[in-house]
Amino acid sequence: MGTKIIGTGVYLPKNVLTNFDLEKIVDTSDEWITTRTGIKERRIAKEETITYMATQAAKEALREANLSPEELDLIILATLTPQKRFPSTACLVQAQLKAKGVYAFDISAACSGFIYALDIADSFIKSGKAKNVLVIGAEKLSEAVDWEDRSTCVLFGDGAGAVVVTRSEDKSDILATRMYAEGSLEELLHADNCGYIRMKGRELFKVAVRSMEEVCREVLEKAGVKPEEVSLVIPHQANVRIINALAEKLNIPKEKVFVNIQKYGNTSAASIPIALHEAIKEGKVKRGDLILMTAMGGGLTWGAVLLRY
Ligand code: ACO
């Protein structure tokens with residue numbers, strides 16, 4: 001019994017904020033942002049709520065999966081910017097989808113949220129507790145950003161991505177996963193008392209490269225797969241320099257590493273499902289390919305998922 005991705009969807013706000021726009025808000029430059037991060041622009045939600053963005057992404061994924069919302073067993077939504085303290089944003093999406101009888105919850109693992117959620121969905125499917133699971137990563141980070149702090153406000157963006165996974169009998173499967181948490185490193189990346197993102201970027205950079213390399217090696221070994229057998233690496237989009245350093249350490253050529261950070265910035269839990277959707281639509285992934293996903297985020301949390309698409 002395997003866990004197969006049968007649909008993906010995204011929602012990206014129409015409103016674009018470029019590096020040149022940011023030059024007018026804080027003391028920064030397109031040159032600094034581009035060379036330090038790879039980001040050229042990001043989407044900033046105006047009237048869209050996180051529930052709206054997540055629901056739109058979910059509807060697209062369900063359409064592609066050819067499933068009605070009631071055919072789902074479970075909805076898991078990863079976010080660090082929930083619409084309300086409670087109910088969970090997953091419940092708000094469940095209502096919007098009219099997914100009657102489907103249970104739903106949020107998980108909080110910052111930028112690792114989507115792969116954490118996918119790992120949970122895989123466990124539900126493999127234990128026989130669920131057949132069809134909707135996994136969403138959605139963020140409205142523009143509400144969690146201090147627009148006076150140039151060291152963080154240039155990095156983040158809004159958006160949502162969703163996947164539908166199902167129990168399958170064919171070769172498609174989540175082959176290996178490994179998740180980590182280290183709460184003692186909380187101060188490297190956390191929300192302050194006002195809810196704003198605070199980050200020790202330089203220290204986090206090193207931890208991110210090292211941790212993601214180690215956990216990628218761990219899942220590859222667990223599945224008996226060599227790095228060169230991987231068709232595409234889909235890393236969390238936090239910084240193109242982190243992504244390049246990771247690829248180099250894993251000895252995986254750049255062409256096999258998906259990057260779309262230039263368009264969206266860091267969308268935290270939404271970044272991997274958005275990237276996965278685009279990689280599939282651009283023909284960079286086909287059935288049978290091995291995909292390696294990895295993320296590092298606030299918590300600290302990190303992990304990797306190896307799957308056969
Ligand atoms: N524009 C111009 N100058 C800036 C800006 C800006 N937007 N931001 C900072 N600077 C200045 C700093 O003040 C500093 O100046 P100084 O040398 O005079 O003190 C200089 O640029 C260098 O600052 P650093 O922070 O050392 O720059 P660095 O090269 O480390 O890049 C960055 C910063 C992009 C944040 C990088 O460290 C990074 O990507 N870190 C990791 C991010 C990450 O992995 N996040 C994980 C997931 S996020 C999540 O979970 C929500």
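What follows is a short exchange on the ligand site and the backbone of a predicted model.

Modeller: Ground rules come before the details. In this predicted model, local features need pLDDT of at least 70 and side-chain atom pairs count only at pLDDT 80 or more, while totals for chains, interfaces and linings use all residues. Residues are numbered from 1 along each chain as its sequence is written, and side-chain values use heavy atoms, with hydrogens and water left out.

Colleague: How many residues surround the ligand, and which are the closest?

Modeller: A residue counts as near if one of its heavy atoms lies within 4 Å of the molecule. The shell has 27 residues. The closest are Thr28, Arg36, Cys111, Arg202 and Asn239.

Colleague: How far is a polar side-chain atom of Asn239 from an oxygen atom of the ligand?

Modeller: A polar contact here is a pair of N or O atoms within 3.5 Å. For Trp32, a side-chain N or O atom is 3.2 Å from a ligand oxygen. For Arg36, the distance from a polar side-chain atom to a ligand oxygen is 2.6 Å. For Asn239, it is 2.6 Å.

Colleague: What share of the ligand's exposed area does the protein bury?

Modeller: Areas come from the Shrake-Rupley method with a 1.4 Å probe. Taken alone, the ligand exposes 1,000 Å². The protein buries 77% of that.

Colleague: Which element gives the most to the shell around the ligand?

Modeller: Elements are DSSP runs, with helices (H or I) of at least four residues and strands (E) of at least two, numbered from the N terminus. Those giving two or more residues to the shell are α2 (30–37), α6 (150–153), α7 (201–223), α8 (240–250) and β12 (290–297). With 4 residues, the top contributor is α7.

Colleague: From which domains does the shell draw at least three residues each?

Modeller: Domain bounds come from an automatic or database assignment. The shell draws at least three residues from each of two domains: domain 1 (2–168) and domain 2 (174–308).

Colleague: Where is the cis bond that involves Pro87?

Modeller: Most peptide bonds are trans. Pro87 sits in the loop between β4 (74–78) and α4 (89–97). The cis bond, with omega near 0 degrees, runs from Phe86 to Pro87.

Colleague: What is omega for the bond joining Gly299 and Leu300?

Modeller: Leu300 lies in the loop between β12 and β13 (301–308). The bond from Gly299 to Leu300 is cis, and omega is about -15 degrees.

Colleague: What is the phi of Ala110?

Modeller: Most residues other than glycine have a negative phi. Ala110 is in the loop between β5 (103–107) and α5 (113–126). Ala110 is not a glycine, yet its phi is positive, about 50 degrees.

Methods
Polar contact = N/O pair within 3.5 Å; in protein donor to acceptor, adjacent residues only side chain to side chain.
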